[in-house]
Amino acid sequence: MRSLVFLVLLGAAFALDDDKIVGGYECQRHSQPWQVSLNVGYHFCGGSLVNNLWVVSAAHCYKSRIEVRLGEHHINVNENTEQFISSDRVIRHPQYNSGTIDNDIMLIKLSKPAELNAYVQPVALPTSCAPAGTMCLVSGWGNTMSSTADSNKLQCLQIPILSDRDCNNSYPGMITKSMFCAGYLEGGKDSCQGDSGGPVVCNNQLHGIVSWGYGCAERNRPGVYAKVCIFSQWLVQSAVMRSLVFLVLLGAAFALDDDKIVGGYECQRHSQPWQVSLNAGYHFCGGSLVNNLWVVSAAHCYKSRIEVRLGEHHITVSENTEQFISSDRVIRHPQYSSWNIDNDIMLIKLSKPAEINTYVQPVALPTSCAPAGTMCLVSGWGNTMSPTADSNKLQCLQIPILSDRDCNNSYPGMITNSMFCAGYLEGGKDSCQGDSGGPVVCNNQLQGIVSWGYGCAEKNHPGVYAKVCIFSQWLADTMNSN
Ligand SMILES: [Ca+2]
Ligand SMILES: [Ca+2]
């Protein structure tokens, strides 16, 4: 394994027999628009774009700085479809083992978003693991062992996923839970892996990453691939949460692209009198007053002590309508998961009752769940991506609740029962979430809490919200017993 993988690492520069697509064919140009070439002055590994900022590859392809080349077909010729983007950071799986090649997966964050077009498109992450027998397509610029096929042009190959039994028999004692085999046991043709780090796509989902194997096209030596489906949580934690939620936490103080109301408008003053700003010396999250003692927000906004600011419109100007009340206690949902952002709800008890008046009013909790298509209003002080809109003034945006199907398709494998999507799939406008923790109000009831999402106003990446209606019992019990 070591002799193979470390040689594979060197990639095309050394043109070894071990890293080839054999018996394949030149892919139709740009038919695999998620395929990227990792370059350090030469092509050395493949990878897969999974959204406009992140590429998945193999951990054994690690280098601290990588140029990611997207929109490629012929890697030695300029085709006017390429985007070359340097890495911002490269994250190997923390349990990657270079001895056993276990957990051979790595994330590369791009230094700027890729422009998505006909040549550059992300591939979906798997919603479940694919069974043996599933046909997949592996692609790469690994050499071809053929004097006629040109490995500077992207090569494609159809391969079936093999059973765990066949895989273990091929490599006794070497296959871990993070690996699967694919290819043809008879050898001789079509049984070789592509470039290390490159994609194995089955039913339009990224199921494998080219990892290792003995030789090439040898009998009983199929290719071994990293099993992407078991890494969903790690991918989410690393790619979604780190880039989005942990930055979102910092809120308006840092003015990041990830936490904005786009295409909205300045709310009519005090038209959302339940909206609060959570402050820790600066505004960092939104929340909703649900009675004179309790505020609902997102669990990922947790801090042990919070100043709740009610009656706000312009958060940096005194308007004589504000009440600033410190928290008495802050209670996250006990099943909140920072891994997949499940159950992202939190209660804040005020240290004294809010004075209810024209500017400060509670919002009703939901009496039932709202169906897809319901129009709602999301509000917050998240930035606006607009040079004219002032995000110090409360921003409002109308958004429809999306179907579970559209939501799951937008974020395969990542949507739990405690989440829903709302916004516009076409992207580009009106599809961005407001402040984390802030309200989504539909028919005068608090149905959602701003939770997470990829980027902002991006096509097919609507905002994801905590589904308040499923927490009615927890909310009632917690408020009664505290
Ligand atoms: Ca090219
Ligand atoms: Ca104010």
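This is a predicted model: local features need pLDDT of at least 70, side-chain atom pairs count only at pLDDT 80 or more; totals for chains, interfaces and linings use all residues.
**Entry 1: ground rules.** I number residues from 1 along each chain as its sequence is written, with chains lettered from A and ligands numbered from 1 in the order in which they are written.

**Entry 2: confidence.** I looked up pLDDT, the predictor's confidence in each residue, from 0 to 100. The protein averages 83, and 81% of the residues score at least 70. Over residues 1-20 the pLDDT is below 50. Beyond near neighbours in sequence, I found 54 contacts in the model for residues 1-20, a contact being heavy atoms within 4.5 Å. Residues 429-434 also have pLDDT under 50, and the model gives them 38 contacts beyond four places in sequence.

**Entry 3: the calcium ion.** Which residues are the protein donors of the calcium ion (ligand 1)? I listed Glu 72 (OE), His 74 (O), Val 77 (O), Glu 79 (OE) and Glu 82 (OE), lying 2.2 to 2.3 Å from the ion. Donors here are N, O and S atoms within 2.8 Å of the metal (3.2 Å for Na, K and Ca). Water is not among the atoms, so sites may look incomplete. I wrote down the spacing of the donor residues in sequence as E-x1-H-x2-V-x1-E-x2-E.

Val 77 is partly exposed, because its relative accessibility is 42%. Glu 82 has 18%, so it counts as buried.

**Entry 4: salt bridges.** Side chains of opposite charge can pair when their charged atoms come close. A salt bridge is a side-chain nitrogen of Lys or Arg within 4 Å of a carboxyl oxygen of Asp or Glu. How many does a search of the whole structure find? It finds six salt bridges, and I noted some of them.

- Arg 89 meets Asp 88 at 3.8 Å, N to O. Arg 89 is partly exposed at 30% relative accessible area, and Asp 88 is partly exposed at 43%.
- Arg 309 pairs with Glu 307, their closest N and O atoms being 2.8 Å apart. Arg 309 is buried at 18%, whereas Glu 307 is partly exposed at 27%.
- Arg 329 pairs with Asp 328, with 3.5 Å between the closest N and O atoms. Arg 329 is partly exposed at 33%, and Asp 328 is partly exposed at 41%.

How values were computed. Side-chain values use heavy atoms; hydrogens and water are left out. Buried means under 20% relative accessible area, exposed over 50%, partly exposed in between (1.4 Å probe, protein chains only).
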